[in-house]
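Work through the exercises below with the sequence and structure in view. Each task is followed by a stepwise solution.

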Amino acid sequence: MKKIIPVLLLFPILTLLSLTDVFNNNSKSIAGQQPVREVLTALGDPLPDHYISDLPVKASVEIGEKIVFVGTTEAVSLQSPHFVCTSCHNTEKEFADLRDTAPEKRLAYAVKNDLPFLPASPLYGVVNRTTWYNGDYEKKYGELVVPARNDLREAIQLCAVECSQGRRLKNWELESVLGYLWTLELKMEDLALPASDYPKFENPNKENAAALIADLKSYYPQGSPAHFVTPPEDRREGYGLTGNAENGAELFNQSCLHCHENQRYSFFELDNSTMTKKFLKKHFPKYSRYSIYQVSRYGAPSHPGKRAYMPQFTSEKMSDQQVEDLRAYLEK
Amino acid sequence: MKIIYTLFFTCCFLFGYSQNPNTRDLVYRTFKDTRVINTQSVETLPARKLDIRISHRFGDLFGSNGGWDTFYGLENATDVLIGADYGITNNLTIGLNRTKGSGPLTRLVNTNLKYKILSQGLSEGSPVTFTVLVGSSISTSKKIDDIALLTSFPKTAHRFMYNFQMMIGRKFSDRFSLQITPGFVHRNLVTAADENGLFSLGVAFRLQVTKVLGIITDVTVPFSSLRTTENGYQIPLGIGLEIDTGGHVFQINLTNATSLAPADYLPNTRSNWADGQFRMGFTISRLFNL
(Lines give C-alpha, C1' and ligand atoms only; values in the text may rest on other atoms or scores of the structure.)
Protein backbone atom coordinates (compact mmCIF):
# COMPACT_ATOMS: atom_id res chain seq x y z
CA MET A 1 0.00 0.00 0.00
CA LYS A 2 2.89 2.33 0.86
CA LYS A 3 4.18 1.92 -2.69
CA ILE A 4 0.86 2.78 -4.28
CA ILE A 5 0.36 6.09 -2.44
CA PRO A 6 3.21 7.99 -4.19
CA VAL A 7 1.98 6.77 -7.57
CA LEU A 8 -1.52 7.95 -6.76
CA LEU A 9 -0.14 11.31 -5.68
CA LEU A 10 1.99 11.63 -8.83
CA PHE A 11 -1.02 11.36 -11.15
CA PRO A 12 -2.90 14.51 -10.01
CA ILE A 13 0.40 16.46 -9.86
CA LEU A 14 1.19 15.58 -13.48
CA THR A 15 -2.35 16.47 -14.50
CA LEU A 16 -2.02 19.89 -12.86
CA LEU A 17 1.36 20.48 -14.50
CA SER A 18 0.01 19.61 -17.91
CA LEU A 19 -2.56 22.39 -17.56
CA THR A 20 0.21 24.92 -17.04
CA ASP A 21 2.82 26.01 -19.61
CA VAL A 22 5.51 23.78 -18.16
CA PHE A 23 4.95 21.00 -20.67
CA ASN A 24 3.30 23.15 -23.29
CA ASN A 25 5.46 23.24 -26.44
CA ASN A 26 3.39 26.02 -27.93
CA SER A 27 4.45 28.44 -25.23
CA LYS A 28 5.53 31.82 -26.53
CA SER A 29 7.75 32.69 -23.60
CA ILE A 30 11.38 32.91 -24.62
CA ALA A 31 14.06 31.13 -22.64
CA GLY A 32 17.79 31.81 -22.68
CA GLN A 33 18.49 28.45 -24.29
CA GLN A 34 16.08 29.14 -27.13
CA PRO A 35 17.79 29.41 -30.53
CA VAL A 36 17.79 32.91 -31.99
CA ARG A 37 16.67 31.42 -35.30
CA GLU A 38 13.51 30.07 -33.67
CA VAL A 39 12.63 33.48 -32.28
CA LEU A 40 13.27 35.11 -35.65
CA THR A 41 11.08 32.56 -37.40
CA ALA A 42 8.31 33.20 -34.92
CA LEU A 43 8.66 36.90 -35.71
CA GLY A 44 8.17 36.10 -39.38
CA ASP A 45 11.77 36.16 -40.61
CA PRO A 46 12.07 33.67 -43.50
CA LEU A 47 14.27 30.62 -43.01
CA PRO A 48 17.66 30.87 -44.71
CA ASP A 49 18.51 28.58 -47.65
CA HIS A 50 21.02 26.71 -45.51
CA TYR A 51 18.38 25.80 -42.94
CA ILE A 52 17.88 22.04 -42.69
CA SER A 53 14.93 20.35 -41.09
CA ASP A 54 15.89 16.78 -42.03
CA LEU A 55 19.28 15.42 -42.93
CA PRO A 56 19.55 13.25 -46.07
CA VAL A 57 20.32 9.53 -45.92
CA LYS A 58 23.92 8.80 -44.78
CA ALA A 59 24.28 12.25 -43.24
CA SER A 60 24.27 12.87 -39.50
CA VAL A 61 25.26 15.47 -36.97
CA GLU A 62 27.80 13.03 -35.51
CA ILE A 63 29.51 12.60 -38.89
CA GLY A 64 29.52 16.38 -39.30
CA GLU A 65 31.16 16.81 -35.91
CA LYS A 66 33.81 14.25 -36.77
CA ILE A 67 34.60 15.98 -40.06
CA VAL A 68 34.93 19.32 -38.28
CA PHE A 69 37.25 18.00 -35.56
CA VAL A 70 39.06 15.07 -37.17
CA GLY A 71 38.60 15.68 -40.88
CA THR A 72 37.33 12.24 -41.74
CA THR A 73 34.70 9.59 -41.24
CA GLU A 74 35.24 5.85 -41.28
CA ALA A 75 33.73 5.73 -44.75
CA VAL A 76 35.93 8.18 -46.63
CA SER A 77 39.45 9.49 -46.71
CA LEU A 78 40.65 12.64 -44.99
CA GLN A 79 39.02 15.76 -46.36
CA SER A 80 42.39 17.47 -46.12
CA PRO A 81 45.75 15.98 -45.14
CA HIS A 82 46.85 19.39 -43.85
CA PHE A 83 44.12 20.93 -41.73
CA VAL A 84 40.83 20.31 -39.99
CA CYS A 85 38.15 22.97 -39.47
CA THR A 86 39.29 23.57 -35.90
CA SER A 87 42.81 24.42 -37.06
CA CYS A 88 41.51 27.90 -37.86
CA HIS A 89 37.98 28.08 -36.41
CA ASN A 90 36.77 27.86 -32.84
CA THR A 91 33.51 26.04 -32.22
CA GLU A 92 32.70 28.23 -29.27
CA LYS A 93 31.55 31.78 -28.82
CA GLU A 94 34.45 34.26 -28.96
CA PHE A 95 33.01 37.44 -27.48
CA ALA A 96 31.09 38.35 -24.36
CA ASP A 97 29.16 40.90 -26.43
CA LEU A 98 28.83 39.85 -30.05
CA ARG A 99 28.43 43.48 -31.10
CA ASP A 100 31.91 44.40 -29.91
CA THR A 101 34.32 42.28 -31.92
CA ALA A 102 37.56 44.16 -31.34
CA PRO A 103 40.58 41.78 -31.40
CA GLU A 104 41.59 42.93 -27.91
CA LYS A 105 38.19 41.84 -26.60
CA ARG A 106 38.56 38.55 -28.44
CA LEU A 107 41.91 37.87 -26.79
CA ALA A 108 40.60 38.69 -23.33
CA TYR A 109 37.67 36.32 -23.87
CA ALA A 110 39.98 33.62 -25.29
CA VAL A 111 42.29 33.82 -22.28
CA LYS A 112 39.40 33.80 -19.82
CA ASN A 113 37.79 30.77 -21.47
CA ASP A 114 41.02 29.04 -22.55
CA LEU A 115 40.21 29.25 -26.25
CA PRO A 116 42.71 29.43 -29.10
CA PHE A 117 43.08 32.85 -30.75
CA LEU A 118 42.66 31.96 -34.40
CA PRO A 119 42.77 33.71 -37.78
CA ALA A 120 39.25 32.68 -38.84
CA SER A 121 35.79 33.47 -37.46
CA PRO A 122 34.20 31.00 -35.07
CA LEU A 123 31.88 28.30 -36.30
CA TYR A 124 29.69 29.07 -33.34
CA GLY A 125 26.87 31.14 -34.75
CA VAL A 126 28.08 30.82 -38.34
CA VAL A 127 24.62 29.59 -39.42
CA ASN A 128 23.12 32.80 -38.04
CA ARG A 129 25.15 34.91 -40.41
CA THR A 130 23.87 35.97 -43.80
CA THR A 131 27.21 36.58 -45.52
CA TRP A 132 30.60 34.86 -45.52
CA TYR A 133 34.03 35.53 -47.08
CA ASN A 134 33.48 39.22 -46.57
CA GLY A 135 35.69 42.17 -47.32
CA ASP A 136 39.16 41.58 -48.68
CA TYR A 137 38.82 37.82 -49.12
CA GLU A 138 37.95 38.70 -52.70
CA LYS A 139 41.58 39.84 -53.09
CA LYS A 140 42.74 36.40 -52.04
CA TYR A 141 40.25 34.11 -53.72
CA GLY A 142 39.00 36.29 -56.58
CA GLU A 143 35.75 35.23 -58.18
CA LEU A 144 35.60 32.10 -56.04
CA VAL A 145 34.09 34.18 -53.26
CA VAL A 146 31.14 35.29 -55.40
CA PRO A 147 29.02 32.16 -54.92
CA ALA A 148 30.29 31.74 -51.34
CA ARG A 149 29.37 35.19 -50.07
CA ASN A 150 25.66 34.53 -49.79
CA ASP A 151 25.54 30.75 -49.64
CA LEU A 152 26.86 28.88 -46.61
CA ARG A 153 27.13 25.58 -48.50
CA GLU A 154 29.35 27.22 -51.11
CA ALA A 155 31.33 28.94 -48.36
CA ILE A 156 32.00 25.57 -46.70
CA GLN A 157 33.14 24.09 -50.02
CA LEU A 158 35.43 27.05 -50.69
CA CYS A 159 36.92 26.60 -47.24
CA ALA A 160 37.35 22.86 -47.85
CA VAL A 161 39.20 23.29 -51.13
CA GLU A 162 41.08 26.59 -50.83
CA CYS A 163 41.53 27.27 -47.14
CA SER A 164 42.23 23.71 -46.02
CA GLN A 165 43.82 22.68 -49.35
CA GLY A 166 41.70 19.55 -49.48
CA ARG A 167 38.93 18.07 -51.56
CA ARG A 168 35.32 19.14 -51.98
CA LEU A 169 32.95 17.53 -49.52
CA LYS A 170 30.55 14.98 -50.86
CA ASN A 171 26.93 16.03 -50.57
CA TRP A 172 26.17 13.88 -47.54
CA GLU A 173 29.36 15.10 -45.84
CA LEU A 174 28.41 18.71 -46.56
CA GLU A 175 24.93 18.21 -45.14
CA SER A 176 26.44 16.48 -42.10
CA VAL A 177 28.73 19.43 -41.47
CA LEU A 178 25.81 21.80 -41.90
CA GLY A 179 23.78 19.66 -39.52
CA TYR A 180 26.55 19.94 -36.95
CA LEU A 181 26.88 23.69 -37.49
CA TRP A 182 23.20 24.08 -36.70
CA THR A 183 23.93 22.64 -33.27
CA LEU A 184 26.27 25.63 -32.84
CA GLU A 185 23.62 28.25 -33.64
CA LEU A 186 23.28 31.26 -31.39
CA LYS A 187 21.00 31.03 -28.38
CA MET A 188 19.20 34.00 -26.88
CA GLU A 189 21.48 33.92 -23.85
CA ASP A 190 24.51 34.38 -26.15
CA LEU A 191 23.30 37.88 -27.01
CA ALA A 192 24.02 40.84 -24.80
CA LEU A 193 20.30 41.20 -24.40
CA PRO A 194 18.88 41.21 -20.88
CA ALA A 195 16.31 38.47 -20.25
CA SER A 196 13.93 41.20 -19.13
CA ASP A 197 13.82 42.34 -22.79
CA TYR A 198 12.76 38.91 -24.08
CA PRO A 199 9.01 39.56 -23.66
CA LYS A 200 9.02 42.25 -26.34
CA PHE A 201 9.84 39.54 -28.90
CA GLU A 202 7.10 37.22 -27.65
CA ASN A 203 3.94 38.81 -29.04
CA PRO A 204 4.74 40.52 -32.31
CA ASN A 205 2.18 42.08 -34.59
CA LYS A 206 2.31 42.97 -38.25
CA GLU A 207 3.36 46.53 -37.51
CA ASN A 208 6.32 45.87 -35.28
CA ALA A 209 7.60 42.46 -36.52
CA ALA A 210 10.08 43.87 -39.01
CA ALA A 211 11.48 46.28 -36.43
CA LEU A 212 11.77 43.51 -33.86
CA ILE A 213 13.62 41.29 -36.35
CA ALA A 214 16.04 44.10 -37.14
CA ASP A 215 16.44 44.83 -33.44
CA LEU A 216 17.23 41.21 -32.60
CA LYS A 217 19.68 40.89 -35.50
CA SER A 218 21.53 43.98 -34.30
CA TYR A 219 22.76 41.99 -31.31
CA TYR A 220 25.07 39.79 -33.42
CA PRO A 221 27.09 40.29 -36.61
CA GLN A 222 25.51 39.25 -39.91
CA GLY A 223 28.93 38.88 -41.51
CA SER A 224 32.56 39.05 -40.56
CA PRO A 225 34.37 42.14 -41.82
CA ALA A 226 37.84 41.36 -43.15
CA HIS A 227 40.56 43.83 -44.02
CA PHE A 228 43.96 42.71 -45.17
CA VAL A 229 46.69 44.94 -43.82
CA THR A 230 50.41 45.15 -44.48
CA PRO A 231 53.48 44.90 -42.27
CA PRO A 232 54.97 48.22 -41.17
CA GLU A 233 56.98 50.01 -43.83
CA ASP A 234 60.06 50.04 -41.64
CA ARG A 235 60.13 46.76 -39.81
CA ARG A 236 62.79 47.88 -37.39
CA GLU A 237 60.60 50.79 -36.34
CA GLY A 238 57.46 48.65 -36.38
CA TYR A 239 53.98 50.13 -36.23
CA GLY A 240 55.14 52.88 -33.87
CA LEU A 241 53.13 51.48 -30.99
CA THR A 242 54.36 50.45 -27.56
CA GLY A 243 53.89 46.72 -27.09
CA ASN A 244 52.57 45.05 -23.99
CA ALA A 245 54.64 41.94 -23.24
CA GLU A 246 51.96 40.41 -21.03
CA ASN A 247 49.39 40.52 -23.82
CA GLY A 248 52.08 39.27 -26.18
CA ALA A 249 52.65 36.20 -24.01
CA GLU A 250 48.95 35.44 -24.11
CA LEU A 251 48.90 35.82 -27.88
CA PHE A 252 51.93 33.58 -28.29
CA ASN A 253 50.34 30.86 -26.18
CA GLN A 254 46.77 31.10 -27.47
CA SER A 255 47.61 31.78 -31.11
CA CYS A 256 51.11 30.84 -32.32
CA LEU A 257 51.38 27.66 -30.28
CA HIS A 258 47.93 26.46 -31.33
CA CYS A 259 49.33 25.49 -34.73
CA HIS A 260 53.07 25.33 -34.19
CA GLU A 261 53.48 23.57 -30.85
CA ASN A 262 54.61 20.01 -31.49
CA GLN A 263 54.10 20.78 -35.20
CA ARG A 264 50.36 20.32 -34.73
CA TYR A 265 49.40 21.84 -38.08
CA SER A 266 52.68 23.27 -39.21
CA PHE A 267 56.05 21.81 -40.10
CA PHE A 268 57.66 24.73 -38.28
CA GLU A 269 57.88 23.93 -34.59
CA LEU A 270 57.54 26.61 -31.94
CA ASP A 271 57.69 26.35 -28.18
CA ASN A 272 58.36 28.49 -25.15
CA SER A 273 62.08 27.79 -25.10
CA THR A 274 64.66 30.57 -25.03
CA MET A 275 66.04 29.35 -28.37
CA THR A 276 62.69 29.76 -30.09
CA LYS A 277 62.12 33.22 -28.66
CA LYS A 278 65.61 34.34 -29.66
CA PHE A 279 65.03 33.08 -33.17
CA LEU A 280 61.70 34.87 -33.56
CA LYS A 281 63.08 38.02 -31.98
CA LYS A 282 65.99 38.04 -34.42
CA HIS A 283 63.73 37.63 -37.44
CA PHE A 284 60.92 39.93 -36.31
CA PRO A 285 62.26 43.08 -38.05
CA LYS A 286 63.62 41.19 -41.08
CA TYR A 287 62.17 40.70 -44.53
CA SER A 288 61.95 36.93 -44.19
CA ARG A 289 59.33 34.24 -43.86
CA TYR A 290 60.30 33.86 -40.21
CA SER A 291 59.30 37.46 -39.46
CA ILE A 292 56.04 37.68 -37.53
CA TYR A 293 55.34 41.00 -39.26
CA GLN A 294 55.56 39.07 -42.52
CA VAL A 295 53.52 35.97 -41.67
CA SER A 296 50.87 37.64 -39.53
CA ARG A 297 50.02 40.08 -42.33
CA TYR A 298 50.78 38.12 -45.51
CA GLY A 299 50.59 34.55 -44.21
CA ALA A 300 52.85 31.86 -45.65
CA PRO A 301 52.21 30.61 -49.18
CA SER A 302 51.12 27.16 -50.24
CA HIS A 303 53.44 25.42 -52.74
CA PRO A 304 52.96 22.33 -54.90
CA GLY A 305 54.21 19.50 -52.71
CA LYS A 306 53.87 21.61 -49.58
CA ARG A 307 50.31 22.73 -49.57
CA ALA A 308 50.07 23.41 -45.87
CA TYR A 309 50.30 27.16 -45.44
CA MET A 310 49.60 29.86 -42.89
CA PRO A 311 46.65 32.20 -43.39
CA GLN A 312 47.13 35.86 -42.60
CA PHE A 313 45.40 37.65 -39.75
CA THR A 314 43.07 40.42 -40.90
CA SER A 315 43.04 43.64 -38.88
CA GLU A 316 39.77 42.43 -37.34
CA LYS A 317 41.42 39.25 -36.08
CA MET A 318 44.75 40.71 -34.90
CA SER A 319 45.40 44.40 -34.47
CA ASP A 320 48.68 46.20 -35.16
CA GLN A 321 48.89 46.77 -31.41
CA GLN A 322 48.72 43.00 -30.83
CA VAL A 323 51.52 42.37 -33.32
CA GLU A 324 53.62 44.87 -31.34
CA ASP A 325 52.58 43.09 -28.13
CA LEU A 326 54.00 39.87 -29.57
CA ARG A 327 57.22 41.66 -30.42
CA ALA A 328 57.45 43.09 -26.92
CA TYR A 329 57.02 39.62 -25.44
CA LEU A 330 59.72 38.10 -27.63
CA GLU A 331 62.12 40.99 -27.02
CA LYS A 332 61.60 40.95 -23.28
CA MET B 1 70.90 -17.23 -28.45
CA LYS B 2 70.07 -16.49 -24.84
CA ILE B 3 70.64 -12.81 -25.48
CA ILE B 4 68.20 -12.85 -28.40
CA TYR B 5 65.56 -14.44 -26.21
CA THR B 6 66.27 -11.87 -23.49
CA LEU B 7 65.85 -9.01 -25.97
CA PHE B 8 62.69 -10.56 -27.35
CA PHE B 9 61.06 -10.99 -23.94
CA THR B 10 62.18 -7.50 -22.85
CA CYS B 11 60.39 -6.05 -25.86
CA CYS B 12 57.29 -8.15 -25.21
CA PHE B 13 57.25 -6.88 -21.63
CA LEU B 14 57.62 -3.28 -22.70
CA PHE B 15 54.91 -3.64 -25.38
CA GLY B 16 52.61 -4.76 -22.62
CA TYR B 17 53.77 -1.86 -20.48
CA SER B 18 53.36 0.75 -23.17
CA GLN B 19 51.40 3.85 -22.32
CA ASN B 20 48.45 5.59 -23.83
CA PRO B 21 49.94 8.75 -25.36
CA ASN B 22 46.63 10.59 -25.08
CA THR B 23 46.68 10.52 -21.32
CA ARG B 24 50.08 12.03 -20.72
CA ASP B 25 52.08 15.00 -21.75
CA LEU B 26 55.00 13.62 -23.66
CA VAL B 27 58.37 15.03 -24.55
CA TYR B 28 58.44 16.11 -28.17
CA ARG B 29 61.34 15.57 -30.57
CA THR B 30 64.17 14.04 -28.58
CA PHE B 31 65.94 14.10 -31.92
CA LYS B 32 64.88 16.21 -34.88
CA ASP B 33 65.10 13.37 -37.37
CA THR B 34 64.48 9.64 -37.46
CA ARG B 35 68.22 9.14 -37.95
CA VAL B 36 71.16 10.58 -36.09
CA ILE B 37 74.05 10.07 -38.53
CA ASN B 38 74.69 6.38 -39.00
CA THR B 39 72.21 5.08 -36.43
CA GLN B 40 68.48 5.37 -36.19
CA SER B 41 67.09 7.71 -33.53
CA VAL B 42 64.20 7.08 -31.13
CA GLU B 43 61.94 9.21 -33.33
CA THR B 44 59.11 7.79 -35.41
CA LEU B 45 57.15 9.75 -37.99
CA PRO B 46 53.79 11.26 -37.10
CA ALA B 47 50.83 9.38 -38.60
CA ARG B 48 50.19 10.00 -42.30
CA LYS B 49 53.52 11.71 -42.87
CA LEU B 50 55.75 10.62 -45.74
CA ASP B 51 59.46 11.29 -45.39
CA ILE B 52 61.42 11.27 -48.64
CA ARG B 53 65.10 10.77 -47.84
CA ILE B 54 68.26 11.14 -49.83
CA SER B 55 71.58 10.41 -48.16
CA HIS B 56 75.03 10.51 -49.58
CA ARG B 57 78.49 9.46 -48.42
CA PHE B 58 81.40 10.87 -50.42
CA GLY B 59 84.92 9.46 -50.69
CA ASP B 60 87.76 9.89 -48.20
CA LEU B 61 88.42 13.53 -47.40
CA PHE B 62 92.15 12.97 -46.91
CA GLY B 63 94.53 10.01 -46.93
CA SER B 64 95.68 8.03 -49.93
CA ASN B 65 92.22 8.07 -51.56
CA GLY B 66 91.39 11.66 -50.71
CA GLY B 67 92.92 15.07 -51.04
CA TRP B 68 93.08 17.20 -54.15
CA ASP B 69 93.10 14.21 -56.54
CA THR B 70 89.51 13.40 -55.66
CA PHE B 71 88.65 16.96 -54.70
CA TYR B 72 88.60 15.82 -51.08
CA GLY B 73 86.31 12.92 -51.78
CA LEU B 74 83.62 14.94 -53.49
CA GLU B 75 84.27 13.20 -56.81
CA ASN B 76 83.56 9.79 -55.29
CA ALA B 77 80.49 8.30 -53.69
CA THR B 78 80.96 5.39 -51.31
CA ASP B 79 77.23 5.08 -50.74
CA VAL B 80 73.97 6.67 -51.80
CA LEU B 81 70.54 6.12 -50.29
CA ILE B 82 67.21 7.03 -51.75
CA GLY B 83 63.98 5.98 -50.15
CA ALA B 84 61.00 6.85 -48.05
CA ASP B 85 59.56 6.27 -44.61
CA TYR B 86 55.89 6.48 -43.77
CA GLY B 87 54.14 6.95 -40.44
CA ILE B 88 51.28 4.47 -40.15
CA THR B 89 50.53 5.68 -36.65
CA ASN B 90 52.38 8.15 -34.47
CA ASN B 91 54.34 5.23 -33.05
CA LEU B 92 54.74 2.94 -36.05
CA THR B 93 56.90 3.78 -39.06
CA ILE B 94 57.74 1.65 -42.05
CA GLY B 95 60.52 2.37 -44.48
CA LEU B 96 61.90 1.26 -47.81
CA ASN B 97 65.11 2.46 -49.37
CA ARG B 98 67.81 1.45 -51.75
CA THR B 99 71.52 1.88 -51.06
CA LYS B 100 74.45 1.40 -53.34
CA GLY B 101 76.35 -0.33 -50.54
CA SER B 102 80.09 -0.46 -50.05
CA GLY B 103 80.63 -3.78 -48.26
CA PRO B 104 80.97 -7.22 -49.84
CA LEU B 105 77.26 -7.17 -50.69
CA THR B 106 76.05 -4.19 -52.64
CA ARG B 107 72.94 -2.86 -54.37
CA LEU B 108 70.89 -3.27 -51.24
CA VAL B 109 67.15 -2.91 -50.88
CA ASN B 110 66.48 -2.15 -47.23
CA THR B 111 63.22 -2.31 -45.34
CA ASN B 112 62.57 -1.34 -41.77
CA LEU B 113 59.79 -1.44 -39.25
CA LYS B 114 60.11 0.89 -36.29
CA TYR B 115 57.87 1.01 -33.25
CA LYS B 116 57.97 3.47 -30.39
CA ILE B 117 57.07 1.50 -27.31
CA LEU B 118 57.53 4.16 -24.66
CA SER B 119 57.61 7.94 -24.86
CA GLN B 120 59.37 10.10 -22.32
CA GLY B 121 56.89 11.95 -20.10
CA LEU B 122 57.13 15.68 -19.53
CA SER B 123 56.70 15.62 -15.78
CA GLU B 124 55.63 12.07 -15.03
CA GLY B 125 55.66 8.75 -16.82
CA SER B 126 58.60 7.16 -18.53
CA PRO B 127 61.99 8.82 -18.03
CA VAL B 128 63.09 7.68 -21.48
CA THR B 129 61.78 7.10 -24.96
CA PHE B 130 62.16 3.52 -26.07
CA THR B 131 61.91 2.47 -29.71
CA VAL B 132 62.70 -0.79 -31.47
CA LEU B 133 63.61 -1.32 -35.07
CA VAL B 134 63.66 -4.45 -37.16
CA GLY B 135 65.27 -4.15 -40.57
CA SER B 136 66.29 -6.33 -43.44
CA SER B 137 68.58 -5.80 -46.39
CA ILE B 138 68.63 -7.83 -49.56
CA SER B 139 71.46 -7.63 -52.01
CA THR B 140 70.26 -7.35 -55.59
CA SER B 141 73.79 -7.79 -56.98
CA LYS B 142 74.27 -10.01 -59.97
CA LYS B 143 75.06 -13.61 -59.01
CA ILE B 144 78.76 -14.38 -59.69
CA ASP B 145 79.72 -17.91 -60.60
CA ASP B 146 82.61 -18.11 -58.14
CA ILE B 147 82.01 -20.00 -54.89
CA ALA B 148 84.83 -18.06 -53.18
CA LEU B 149 82.81 -14.84 -53.38
CA LEU B 150 79.85 -13.93 -51.18
CA THR B 151 78.07 -12.77 -54.30
CA SER B 152 77.96 -16.36 -55.54
CA PHE B 153 74.74 -16.57 -53.50
CA PRO B 154 74.36 -20.38 -53.33
CA LYS B 155 70.84 -19.83 -52.04
CA THR B 156 68.51 -16.88 -52.40
CA ALA B 157 68.46 -16.60 -48.58
CA HIS B 158 72.16 -15.76 -48.74
CA ARG B 159 71.28 -12.39 -50.17
CA PHE B 160 69.62 -11.40 -46.90
CA MET B 161 70.94 -9.54 -43.87
CA TYR B 162 68.97 -8.42 -40.84
CA ASN B 163 69.38 -5.86 -38.14
CA PHE B 164 67.63 -5.28 -34.85
CA GLN B 165 68.09 -2.15 -32.75
CA MET B 166 66.72 -0.88 -29.48
CA MET B 167 66.94 2.88 -29.12
CA ILE B 168 66.72 4.24 -25.60
CA GLY B 169 66.83 8.03 -25.55
CA ARG B 170 66.25 10.87 -23.16
CA LYS B 171 65.83 14.57 -23.82
CA PHE B 172 67.53 16.17 -20.85
CA SER B 173 66.71 19.73 -21.88
CA ASP B 174 65.71 21.74 -24.93
CA ARG B 175 69.37 21.66 -25.87
CA PHE B 176 70.63 18.19 -25.03
CA SER B 177 69.43 14.66 -25.88
CA LEU B 178 71.26 11.38 -25.40
CA GLN B 179 70.58 7.91 -26.78
CA ILE B 180 72.07 4.47 -26.34
CA THR B 181 71.46 1.83 -28.95
CA PRO B 182 72.06 -1.86 -28.33
CA GLY B 183 71.83 -3.71 -31.62
CA PHE B 184 72.31 -6.97 -33.42
CA VAL B 185 73.13 -7.67 -37.06
CA HIS B 186 72.75 -11.05 -38.69
CA ARG B 187 74.15 -11.81 -42.13
CA ASN B 188 73.03 -15.07 -43.70
CA LEU B 189 76.25 -15.57 -45.64
CA VAL B 190 79.73 -14.63 -44.46
CA THR B 191 83.22 -15.82 -45.21
CA ALA B 192 84.47 -18.88 -43.36
CA ALA B 193 86.56 -16.82 -40.93
CA ASP B 194 83.76 -14.40 -40.16
CA GLU B 195 80.74 -14.67 -37.89
CA ASN B 196 77.08 -14.35 -38.87
CA GLY B 197 75.85 -12.52 -35.80
CA LEU B 198 77.27 -9.29 -34.48
CA PHE B 199 76.21 -7.42 -31.35
CA SER B 200 76.88 -3.72 -30.99
CA LEU B 201 76.28 -0.80 -28.68
CA GLY B 202 75.83 2.72 -29.93
CA VAL B 203 75.77 6.11 -28.23
CA ALA B 204 74.37 9.24 -29.85
CA PHE B 205 73.66 12.78 -28.74
CA ARG B 206 72.20 16.00 -30.05
CA LEU B 207 73.29 19.41 -28.85
CA GLN B 208 70.92 22.10 -30.09
CA VAL B 209 72.90 25.30 -30.60
CA THR B 210 70.21 27.56 -32.02
CA LYS B 211 66.58 27.14 -33.04
CA VAL B 212 67.57 25.68 -36.41
CA LEU B 213 71.12 24.41 -35.89
CA GLY B 214 72.16 21.38 -33.88
CA ILE B 215 75.32 19.31 -33.47
CA ILE B 216 74.83 15.56 -33.64
CA THR B 217 77.22 12.72 -33.02
CA ASP B 218 76.95 8.95 -32.94
CA VAL B 219 79.35 6.11 -32.39
CA THR B 220 78.65 2.37 -32.51
CA VAL B 221 80.98 -0.23 -31.08
CA PRO B 222 80.69 -3.75 -32.52
CA PHE B 223 81.35 -6.52 -29.99
CA SER B 224 83.46 -9.01 -31.82
CA SER B 225 86.89 -10.47 -31.27
CA LEU B 226 87.36 -10.32 -35.03
CA ARG B 227 86.55 -6.64 -35.44
CA THR B 228 89.63 -5.15 -33.88
CA THR B 229 91.98 -2.47 -35.12
CA GLU B 230 94.64 -5.17 -35.46
CA ASN B 231 92.39 -6.85 -38.01
CA GLY B 232 91.85 -3.53 -39.79
CA TYR B 233 88.41 -2.69 -38.45
CA GLN B 234 87.39 0.66 -37.01
CA ILE B 235 84.56 1.92 -34.87
CA PRO B 236 82.01 3.87 -36.96
CA LEU B 237 81.91 7.44 -35.68
CA GLY B 238 79.99 10.35 -37.14
CA ILE B 239 79.83 14.06 -36.30
CA GLY B 240 77.39 16.36 -38.02
CA LEU B 241 75.40 19.55 -38.21
CA GLU B 242 71.63 19.40 -38.45
CA ILE B 243 69.65 22.26 -39.93
CA ASP B 244 65.91 22.23 -39.39
CA THR B 245 64.07 24.81 -41.46
CA GLY B 246 60.59 23.42 -40.79
CA GLY B 247 59.49 20.40 -42.80
CA HIS B 248 62.96 20.09 -44.21
CA VAL B 249 65.86 18.71 -42.19
CA PHE B 250 69.25 19.03 -43.82
CA GLN B 251 72.17 17.24 -42.29
CA ILE B 252 75.83 17.52 -43.21
CA ASN B 253 78.26 15.22 -41.50
CA LEU B 254 81.69 13.68 -41.35
CA THR B 255 82.01 9.95 -40.72
CA ASN B 256 84.42 7.12 -41.28
CA ALA B 257 81.58 4.71 -42.12
CA THR B 258 81.51 4.15 -45.85
CA SER B 259 78.00 2.76 -46.09
CA LEU B 260 74.54 3.69 -44.90
CA ALA B 261 72.65 0.46 -44.17
CA PRO B 262 73.30 -0.86 -40.62
CA ALA B 263 73.96 -4.40 -41.84
CA ASP B 264 76.50 -2.93 -44.21
CA TYR B 265 78.46 -0.38 -42.15
CA LEU B 266 78.48 -2.15 -38.77
CA PRO B 267 80.47 -5.23 -39.86
CA ASN B 268 82.48 -3.50 -42.59
CA THR B 269 83.86 -0.17 -41.37
CA ARG B 270 87.60 -0.16 -41.96
CA SER B 271 88.25 3.54 -42.62
CA ASN B 272 90.30 5.25 -39.96
CA TRP B 273 89.67 8.82 -38.82
CA ALA B 274 93.32 9.17 -37.83
CA ASP B 275 94.40 8.43 -41.41
CA GLY B 276 92.06 11.03 -42.87
CA GLN B 277 89.74 8.32 -44.10
CA PHE B 278 86.56 10.09 -43.15
CA ARG B 279 84.14 11.53 -45.58
CA MET B 280 81.57 14.19 -45.93
CA GLY B 281 77.99 13.07 -46.08
CA PHE B 282 74.60 14.68 -46.18
CA THR B 283 70.98 13.78 -45.74
CA ILE B 284 68.01 15.63 -47.08
CA SER B 285 64.74 14.71 -45.45
CA ARG B 286 61.50 16.19 -46.68
CA LEU B 287 58.16 15.58 -45.00
CA PHE B 288 54.85 15.45 -46.85
CA ASN B 289 51.33 15.23 -45.48
CA LEU B 290 49.40 12.36 -47.03
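**Exercise 1.** What covers the buried residues of H12(A)?

Solution. The model is predicted: local features need pLDDT of at least 70 and side-chain atom pairs pLDDT 80 or more, while totals for chains, interfaces and linings use all residues. Residues are numbered from 1 along each chain as its sequence is written, with chains lettered from A and ligands numbered from 1 in the order in which they are written.

Step 1. Helices (H or I, at least four residues) and strands (E, at least two) are DSSP runs, numbered from the N terminus. A residue is buried if 20 or more other C-beta atoms lie within 10 Å of its own, exposed if 12 or fewer, and partly exposed in between, with C-beta atoms placed from the backbone.

Step 2. Helix H12 (residues 274-283) of chain A has Thr276(A), Leu280(A) and His283(A) buried. Seen down the axis of H12(A), these fall within an arc of 70°, so they line one face of the helix; the arc is that of the directions from the helix axis to the C-beta atoms.

Step 3. The cover includes helix H13 (292-298) and helix H14 (320-331) of chain A, where contact means C-beta atoms within 7 Å.

**Exercise 2.** Find how many residues each chain gives to the contact between chains A and B.

Solution. Step 1. Chain B gives 13 residues and chain A 14 residues.

Step 2. On the side of chain B, strand E12 (residues 279-289) supplies the largest share, 3 residues.

**Exercise 3.** Which residues does Leu326(A) contact, leaving aside neighbours within four places in sequence?

Solution. They are Gly248(A), Leu251(A), Phe252(A) and Ile292(A).

Terms used. Two residues are in contact if their C-beta atoms, placed from the backbone, lie within 7 Å.
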